[in-house]
Amino acid sequence: MIWTFHKFDKKFDRTKFDCGELALNDYLRKQMSQDVDRKANVPTLAVNSQDEVIGYYTLSNGAVEFANFPAILKKQIAPYPVPIARIGRLAVDNSTKGQGLGRELLFHAIDKVEQLSKEIGIRAIVVDAKNPSAEAFYLKYGFQYLHIAGARKSLFLII
Amino acid sequence: MGALVQKDKKNRLPVGPEVEGTYFLREVDERGRVIFTPQVLVPKDEFEERLVMLNDTERDRFVESLLSAPQRNVAYKKAKDDFNRKYK
């Protein structure tokens, strides 16, 4: 299957998208447009030749802070929250699974963040793994564990 | 018995403390009445938290990586090369 990457646009058909995760399907159909309006994040869509959305990711900024910041660390890094880029969601339609679209979406995001990091302070990409297969996907490409809160696991990749 | 719902001065329904954002569909019914309906109840976005707070163990692991040159494994390099070859 052939796909292309685009910024969010309501002209693309989001109604048929099904990645198997209800929350991610609903996000694309119902909430993404609102988040774009509110500038909460910037989505990138993967679109097939029929202008149907078959994958997406969202990118936003954030920061990593330490509960304790020992004085000795101040000699090594600035005592401010560390700026990061966050891939909030990344999802691929079931019809395209196994074709490398998830990997291309991830590296599209990484490429974008690498470019941005030349202009503004970004030290790492942070992702949230929604399930064990997502966790394995990110670990495969060298992401490391950042923060674990219950079933939710955040991972990071230094830029 | 239905729950008692308090509307505001603009006839809007509260969406509750567990959601953020207020988005309403404005409709006029056949009797000319304006009806505001919550269009989407937007859950608080747990996946876009702006701030990640690390405990000491997590901090030490993160700082160690922060102070080192970025490490890229074989799978990363191959995927990156494939991506660049296709799109750049």
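Helices (H or I, at least four residues) and strands (E, at least two) are DSSP runs, numbered from the N terminus. With that in hand, welcome to the tour. This is a predicted model, in which local features need pLDDT of at least 70 and side-chain atom pairs count only at pLDDT 80 or more, while totals for chains, interfaces and linings use all residues. Residues are numbered from 1 along each chain as its sequence is written, and chains are lettered from A and ligands numbered from 1 in the order in which they are written.

**Stop 1: chain B**

Select chain B and follow the sequence: the pattern reads β-β-β-α-α, giving 2 helices and 3 strands. Of its 88 residues, 10% are buried (20 or more other C-beta atoms within 10 Å of a residue's own, with C-beta atoms placed from the backbone).

**Stop 2: the strands of chain A**

Now pick β1(A), residues 4–7, which runs antiparallel to β2(A) with 4 bridges between them. Strands count as paired if DSSP finds at least two bridges between them. Click on Thr4(A) and look across to Val47(A), its bridge partner in β2(A).

**Stop 3: across to chain B**

Zoom in on Glu65(A), whose bridge partner in β3(B) is Met53(B).

**Stop 4: the whole contact**

How many residues does each chain bring to the contact? Chain A gives 38 and chain B gives 31, with residues in contact if their C-beta atoms, placed from the backbone, lie within 7 Å. On the side of chain A that touches chain B, β3(A) provides the largest share, 6 residues. Colour that side by type and you will find 16 nonpolar, 12 polar and 10 charged residues. Here Ala, Val, Leu, Ile, Met, Phe, Trp, Tyr, Cys and Pro count as nonpolar, Asp, Glu, Lys and Arg as charged, and the others, Gly among them, as polar.

**Stop 5: helix α2(A)**

Finish with α2(A), whose 16 residues reach 22 Å from first C-alpha to last, close to the 22 Å expected at 1.5 Å a residue (the expected span is 1.5 Å times one less than the number of residues). Its buried residues include Leu101(A), Phe107(A) and Val113(A). The buried residues of this helix pack against β2, β3, β4, β5 and α3 of chain A, together with α2 of chain B.

Technical notes: Contact = placed C-beta atoms within 7 Å. Buried ≥ 20, exposed ≤ 12 C-beta atoms within 10 Å, placed from the backbone.
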